[in-house]
Amino acid sequence: LTTSGLLAVPTLMRLGRFPEAERCLRTALDRDADNDTARAQLAYLLVAEGRRWEASGFLLGLVKRKQFTVEQLILLGDRQEIADYSDELIPRGTGNPSLLVIHARVAAFNLNFEKARVLAQRAIAAAPDLIEARATLGNIFVAVNDMSGLQQLLEDLPPSADQHPDIWFLRGEFAQQQRALEAAARCYWE
């Protein structure tokens with residue numbers, strides 16, 4: 001990927017073409033693992049999409065290489081902060097599943113749990129493998145004490161969900177509600 005390819009990434013992001021921008025950045029990193037510009041842009045893109053867990057690896061890479069900003073260090077340290085960059089990055093209504101997750105988190109933060117649930121479910125329907133969407137929906141179920149909804153969500157997870165720490169937290173919450181304290185402790189440990 002040439003330098004001009006990397007220059008196209010901000011434009012792709014503004015146009016809401018996140019998957020294309022992500023492919024460009026991952027290609028740049030595959031070709032040059034020391035490309036801190038691509039690493040920083042990919043971290044920003046993943047944070048903007050609400051994919052904080054995925055972004056943390058790239059942010060940590062910047063820290064290890066001593067190429068980080070204070071903002072990136074803060075993002076690495078606080079994965080729960082809601083960063084709603086969606087309106088500044090792309091026009092409304094593109095239907096990007098990751099942006100639906102951000103809007104769901106913002107709605108939940110504002111205690112509009114029904115809207116948050118609908119948005120998270122739309123994100124899952126559009127991108128079943130987007131674990132952030134499932135984790136967001138699970139957190140909404142916990143917030144409204146909908147243990148049957150949480151149980152169904154946990155039963156329907158793809159195997160890749162085992163890598164996400166928020167899923168283990170949700171499993172722990174469910175086990176704790178069922179008074180299975182040893183299982184809850186194990187899930188929290190994971």
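Residues are numbered from 1 along each chain as its sequence is written. Because the model is predicted, local features need pLDDT of at least 70 and side-chain atom pairs count only at pLDDT 80 or more, while totals for chains, interfaces and linings use all residues; side-chain values use heavy atoms, with hydrogens and water left out.

Let's begin with helix α4 (residues 36-48) and helix α5 (residues 52-64), whose axes come within 8 Å and cross at roughly 155°. Helices here are DSSP runs of H or I, at least four residues, numbered from the N terminus; axes are lines fitted to C-alpha atoms over the stretch in contact, with angles from 0 to 180 degrees between N-to-C directions. α4 and α5 are therefore roughly antiparallel (an angle over 145 degrees). On the α4 side, the contact (heavy atoms within 4.5 Å) is made by D36, R39, A40, L42, A43, L46 and V47, and on the α5 side by R52, E54, A55, F58, L59, G61 and L62. These residues divide into 9 nonpolar, 1 polar and 4 charged (nonpolar means Ala, Val, Leu, Ile, Met, Phe, Trp, Tyr, Cys and Pro; charged means Asp, Glu, Lys and Arg; polar means the others, Gly among them).

Now move along to helix α9 (residues 113-126) and helix α10 (residues 131-143), where the axes come within 9 Å and cross at roughly 155°. That makes α9 roughly antiparallel to α10. Here F113, A116, R117, A120, Q121, A123 and I124 of α9 meet A133, R134, T136, L137, I140, F141 and A143 of α10. By class, this contact has 10 nonpolar, 2 polar and 2 charged residues.

Conventions. Helices (H or I, at least four residues) and strands (E, at least two) are DSSP runs, numbered from the N terminus. Angles under 35 degrees count as roughly parallel, over 145 as roughly antiparallel, 65 to 115 as roughly perpendicular and the rest as oblique.
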